[in-house]
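Have the model open as you go.

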Amino acid sequence: MSAIVLAENLGRWYGEVVGLGDLSVEFEPGITGLVGPNGAGKSTFMKLMVGELRPARGRLTVLGETPFGNRALHRHLGFCPQQDALYEHQTGRQFVRDLLRLGGWSRREADGLAVRALERVGLEDAMDRKVNGYSKGMRQRTRLAQAIAHGPKLVIADEPLTGLDPIARRQTNELFRGLAEDGCSVIISSHVLHEVENLTETMVLIHRGRLLAQGSVREVRRLISRHPSRVDLVARNPRRLATALLPLDHIRTIKLGADPGTLTVETDDIAAFHSAFAGVAAAAGAGVSGFKSDDASLEAVFDYLVG
Amino acid sequence: MNLITELPRATWLIFRMHLAATAVSRRALAGILFAAIPPLFAFLALNIGGDGDMGERVFMYLGVLVLLQVVAPALGVFLGIGAIADETEARTITYPFTRPIPRASVFLGRWLASLLVLSVLLLASGAGVAAITMRASSPPSPEAVQGLVGATLLAGVLYSLGAAVIGVIFKRGQVIALGYAFAFEVMLANIPGSAQKLSLQFYLRSLFVGDDGANWRSLEIFEPSKFLDASASSERLMVTAAILLAIGCITVTRKQFVLSS
């Protein structure tokens with residue numbers, strides 16, 4: 001299978017700030033998650049892929065073409081940017097339709113495609129309202145609609161799940177799966193691993209502008225599992241909870257916090273901890289009132305992995 | 001699709017997409033207030049303690065000192081600068097730049113939408129001054145009115161285009177454009193000598209001075225100047241506009257616009 005995106009020694013700087021260091025990576029067709037902590041270079045990479053920026057060094061091809069200023073390529077690309085920006089004077093329908101018209105569609109065709117795309121993202125009831133009255137999630141879905149409306153071969157979405165409520169998140173994931181079933185490749189970025197994990201088996205991890213790992217979710221998970229996960233807990237009786245948790249095999253350390261009722265647990269197997277925790281806590285009668293796992297934040301894991 | 005057919009088509013679509021928003025933008029609303037100043041001054045000059053027979057002089061003074069030298073450059077800068085700068089500031093430029101259209105069409109379409117709004121404002125302002133002063137007992141000649149209004153409209157084209165180009169090149173272009181229009185230009189245009197030829201104002205004034213310079217001589221405070229004839233002046237202004245257009249289109253095609261996340 002040929003690569004849809006091929007980057008070789010790709011670099012891009014903003015003055016003295018490194019956006020992307022020396023990235024070499026290939027994306028195969030299908031859904032790929034581009035994962036990395038904030039500031040890893042995900043957005044820069046995506047802007048290079050859609051031709052908004054030019055590489056400072058290295059080579060990048062998307063669907064076999066160089067992206068910057070490539071009008072032929074833009075016919076086949078859909079880009080959902082991260083920034084919450086729309087033409088505020090327009091309705092959702094006008095916004096998507098007018099952008100479609102730039103792609104050469106007649107007004108009637110563009111309107112039909114716009115309506116279909118907005119229905120697909122669940123905005124059928126709001127499409128004739130001005131976008132400046134939309135909620136954050138509706139604005140996000142409008143950006144998605146303009147990215148998919150023209151039936152692109154590749155959709156590139158920068159943090160598309162941010163700001164969506166759980167229902168919209170599920171719908172959006174279904175939308176991406178539907179696009180993939182229709183033969184459209186999708187690259188989505190996220191700084192939250194499990195967000196992407198729900199959607200695809202294929203993942204690219206970048207950190208500080210470089211490729212850190214690439215492969216299936218399982219492989220990446222295995223890599224990550226070498227690093228202990230931290231869980232912050234709040235309980236009425238933290239000592240009793242600590243005593244009950246300590247015998248679990250995967251527990252590495254337990255520290256009582258400075259604030260009353262708080263404790264921090266480090267575990268080598270976060271999944272096993274999640275399955276065992278409720279039963280152990282209930283049996284101990286520790287009165288747990290707070291649970292925060294840092295699994296959602298990749299920053300620590302990335303720092304660990306890069307040494 | 002080739003560039004020759006795609007550029008006008010995409011320019012037209014971008015123009016239509018942004019015309020209504022430009023017309024009701026804060027820039028345009030401020031422009032309405034600014035454009036109302038010359039007719040207001042004309043009314044005050046002729047009706048508050050005026051002797052009513054200074055129609056021509058009031059028209060010429062307001063036309064040159066206020067309309068051509070202040071209102072047209074100010075409105076040109078305010079409306080022109082937003083062509084690309086507003087898109088980058090609002091971070092919406094990603095959308096047209098990731099569509100299969102020439103990037104130059106975004107610059108052209110948005111500038112033309114600004115120009116149309118600007119032209120309406122300048123025309124209304126010039127026509128207002130003309131209508132008020134023509135009711136006085138010593139009205140300006142129709143040729144003078146035509147010349148000055150024409151020069152003002154052309155001033156709108158050039159200043160807005162210059163500002164639009166500055167807005168493409170520089171991040172905070174408004175200060176630079178205003179500095180050019182109100183410091184550099186005004187100084188060059190009003191210092192006696194051939195340095196005037198480096199200013200747009202010189203060529204704009206050349207459009208309405210009249211064959212014998214009579215219109216200009218009515219502005220007694222100025223040194224007599226030797227102007228170009230109107231056609232030579234128009235030609236040079238058009239060449240300037242074409243150069244600015246080319247710079248704007250090439251820059252917007254080649255430049256990378258880095259948006260904050």
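The exercises below concern a predicted model.

**Exercise 1.** Compare the reach of helix H7 of chain B with its expected span, and decide how covered H7(B) is.

*Solution.* Start with the length. H7(B) runs over residues 103–134 and has 32 residues. From first C-alpha to last, H7(B) reaches 46 Å. At 1.5 Å a residue, 46 Å is expected, so the two values are close. Next, take burial. Of the 32 residues, 23 are buried, and H7(B) is mostly covered.

**Exercise 2.** Describe how H4(B) and H9(B) pack: what is the crossing angle, and which residues meet?

*Solution.* Locate the helices first: H4(B) spans residues 55–80 and H9(B) residues 173–190. Their axes come within 10 Å and cross at roughly 160°. Angles over 145 degrees count as roughly antiparallel, so H4(B) is roughly antiparallel to H9(B). The crossing is right-handed. Now list the contacts. H4(B) brings B:Gln69, B:Pro73 and B:Val77. H9(B) brings B:Gln174, B:Ala177, B:Leu178, B:Ala181, B:Phe182, B:Glu185 and B:Val186.

**Exercise 3.** Take apart the side of chain B that touches chain A: which element gives the most, and how do the residues divide?

*Solution.* Count the residues of each chain. Chain B supplies 23 residues and chain A 28. On the chain B side, the elements giving two or more residues are helix H1 (3–23) and helix H6 (94–97). H1(B) gives the most, with five residues.

Notes
Residues are numbered from 1 along each chain as its sequence is written. Chains are lettered from A and ligands numbered from 1 in the order in which they are written. This is a predicted model: local features need pLDDT of at least 70, side-chain atom pairs count only at pLDDT 80 or more; totals for chains, interfaces and linings use all residues. Helices (H or I, at least four residues) and strands (E, at least two) are DSSP runs, numbered from the N terminus. A residue is buried if 20 or more other C-beta atoms lie within 10 Å of its own, exposed if 12 or fewer, and partly exposed in between; C-beta atoms are placed from the backbone. Axes are lines fitted to C-alpha atoms, for helices over the stretch in contact, and angles run from 0 to 180 degrees between N-to-C directions. Angles under 35 degrees count as roughly parallel, over 145 as roughly antiparallel, 65 to 115 as roughly perpendicular and the rest as oblique. A crossing is left-handed if the near helix is turned anticlockwise from the far one by less than a right angle, and right-handed if clockwise. Two residues are in contact if their C-beta atoms, placed from the backbone, lie within 7 Å.
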